[in-house]
Amino acid sequence: DWYYPVLCGALSPEAGQARLAERWSDFVLEGVGIRCVMDRPWATAAETAECAMAHLNVGLADRARLLLVWSRHLRDDDGSYWTGCVHPECVHFPGGERSTYTAAAVILATDAVVGATATSGFFLGDGLPSGLDLEEPVREA
């Protein structure tokens with residue numbers, strides 16, 4: 001619940017920046033990543049990637065890049081990402097899991113931060129329609 005209101009755009013950039021700064025020390029393992037549970041030393045690649053996108057969403061691109069750099073220690077030699085690890089030992093959890101949702105979060109965050117593809121701006125709303133014209137209902141025949 002720390003960065004999700006920032007990630008989804010529910011807060012203004014100023015309020016989002018303040019929220020991220022306020023709880024940084026509670027959820028961040030410096031140089032490692034974002035905790036999935038505040039009071040445990042469990043960092044996950046997905047939470048780190050999502051938090052990077054939240055930072056990007058409020059104009060903190062340098063911090064977003066830094067978080068993605070931190071997530072790289074969870075990348076396996078085959079390119080997949082371990083779900084997370086317990087620090088300081090860096091024991092992978094849960095039980096060797098390398099999930100597709102973890103990979104998806106890292107791919108989305110990296111694309112949003114790096115801007116490598118045409119879809120990279122989608123997360124920030126670039127090129128999205130402003131809304132539908134609902135003056136006349138659409139009905140299927």
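Leaving out residues up to four places away in sequence, T83 touches A43, T44, A45, F93, P94, E97, R98, S99, Y101 and T102, where contact means heavy atoms within 4.5 Å. This is a predicted model, in which local features need pLDDT of at least 70, side-chain atom pairs count only at pLDDT 80 or more, and totals for chains, interfaces and linings use all residues. Residues are numbered from 1 along each chain as its sequence is written, and side-chain values use heavy atoms, with hydrogens and water left out.

Staying with T83, the residue sits in the loop between α4 and β4 (84-86); helices (H or I, at least four residues) and strands (E, at least two) are DSSP runs, numbered from the N terminus. T83 counts as buried because its relative accessible area is 4%; buried is under 20%, exposed over 50%, and partly exposed in between, with a 1.4 Å probe and protein chains only. The side chains of T83 and E97 are joined by a polar contact of 2.8 Å. That term is a pair of N or O atoms within 3.5 Å; within protein, one must be able to donate a hydrogen and the other to accept it, and residues adjacent in sequence count only if both atoms are side-chain atoms.

Next, helix α2. Its buried residues are G16, L20, W24 and F27, and they pack against α1 (4-7), β1 (28-29), β2 (33-35), α3 (45-57) and α4 (61-71).

Last, the cysteines. C36 is partly exposed because its relative accessibility is 30%, and C90 is partly exposed at 27%. Zero disulfides, meaning pairs of cysteine sulfur atoms within 2.5 Å, turn up in a search of the whole structure.
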